[in-house]
Amino acid sequence: MAMTSEIIEQHLGDRGYSLVRRGECHSLYENGTDRLVVPHHARPLPPWTVRTIEWELAPRLGPRWLDDPAVDGAADGGPADGAAAPSGPEPRVVLQLVVRRDPAEGVWNAFVLEVPRILTFGDTLDDVRRRAADAAYAWFGSSAAVVFDLVLQPGPEAQRWIDHARGRGGAAATEALAGLRQLGFDDADGRALLAEAQPESG
């Protein structure tokens, strides 16, 4: 069965997790010291996203908790639904956001290396940036408090095209963009990836 945001949130609610904050396309759930951001999308979530959510809470809920029914009285103690976040200004933080291309699903999966373990996904790099900002809002209560340092991982075939264009421009860049297009990247993503291949000025 395809896994949707609604199914995951039902599992969390059954296990005593409560909604703390909802952004445009992410929700923050808490139970005691456990915190988890769940991304929303109209379609089912990519398998990588589902596996990562399951792995994140496996120490508390068990390794395959999304496949198992909740046990009565399991995991409780989270804040009430819609509870307010702690008051006071949030510190400004810089987080490394790793963005990996999943060619089988045709999406970019994204996750933060540090705590908090924010994760999301998007169809394009621009979509990922927007959704990551929304996930940061869900976690911190303010996306303005977060700066993402993007670490792009487009995959080995795409990387070969990026290396082909590195520092060369002109015809090599045109060839690389065409090659990336054949791999399923849209032109905006292809140009963003090739921009990284240009030599630094100075």
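## Basis

This is a predicted model, in which local features need pLDDT of at least 70, side-chain atom pairs count only at pLDDT 80 or more, and totals for chains, interfaces and linings use all residues. Residues are numbered from 1 along each chain as its sequence is written, and side-chain values use heavy atoms, with hydrogens and water left out.

Helices (H or I, at least four residues) and strands (E, at least two) are DSSP runs, numbered from the N terminus. Two strands pair if DSSP finds at least two bridges between them.

## The hairpin of strands 2 and 3

Strand 2 (residues 26–31) pairs with strand 3 in the antiparallel sense, over 6 bridges. His26 has Pro39 of strand 3 as its bridge partner. The hairpin has 2 residues between the strands, and Gly32 takes a positive phi near 60 degrees there.

Strand 3 spans residues 34–39. Of its 6 residues, 5 are buried, so strand 3 is largely enclosed by the rest of the structure. Buried means under 20% relative accessible area, with exposed over 50% and partly exposed in between (1.4 Å probe, protein chains only).

An open sheet of 4 strands runs in the order 6-5-4-7, with mixed pairing. Strand 6 (119–122) and strand 7 (146–153) stand at the edges. Each has a single partner strand, so one side of each is left without a neighbour in the sheet. The twist averages 25 degrees from one strand to the next. Within strand 5, Asn109 is the bridge partner of Arg100.

Two helices lie across strands of this sheet. Helix 2 (residues 47–61) lies across strand 5 and strand 6, at about 175 degrees to strand 6. Helix 3 (residues 125–140) lies across strand 4, strand 5, strand 6 and strand 7, at about 155 degrees to strand 6. Axes are lines fitted to C-alpha atoms, for helices over the stretch in contact (heavy atoms within 4.5 Å). Angles run from 0 to 180 degrees between N-to-C directions.

## Nonpolar cores

A nonpolar core is a set of buried Ala, Val, Leu, Ile, Met, Phe, Trp, Tyr and Cys residues joined through side-chain atoms within 4.5 Å. The largest has 29 residues. Those with the most contacts inside it are Leu97, Val99, Trp108, Ile118, Phe140 and Leu194. Helix 3 gives the largest share, 8 residues.

Leu194 touches residues including Trp161, Ile162 and Leu180, not counting those up to four places away in sequence. A second, separate core of 20 residues includes Leu19, Leu57, Trp65 and Val98.
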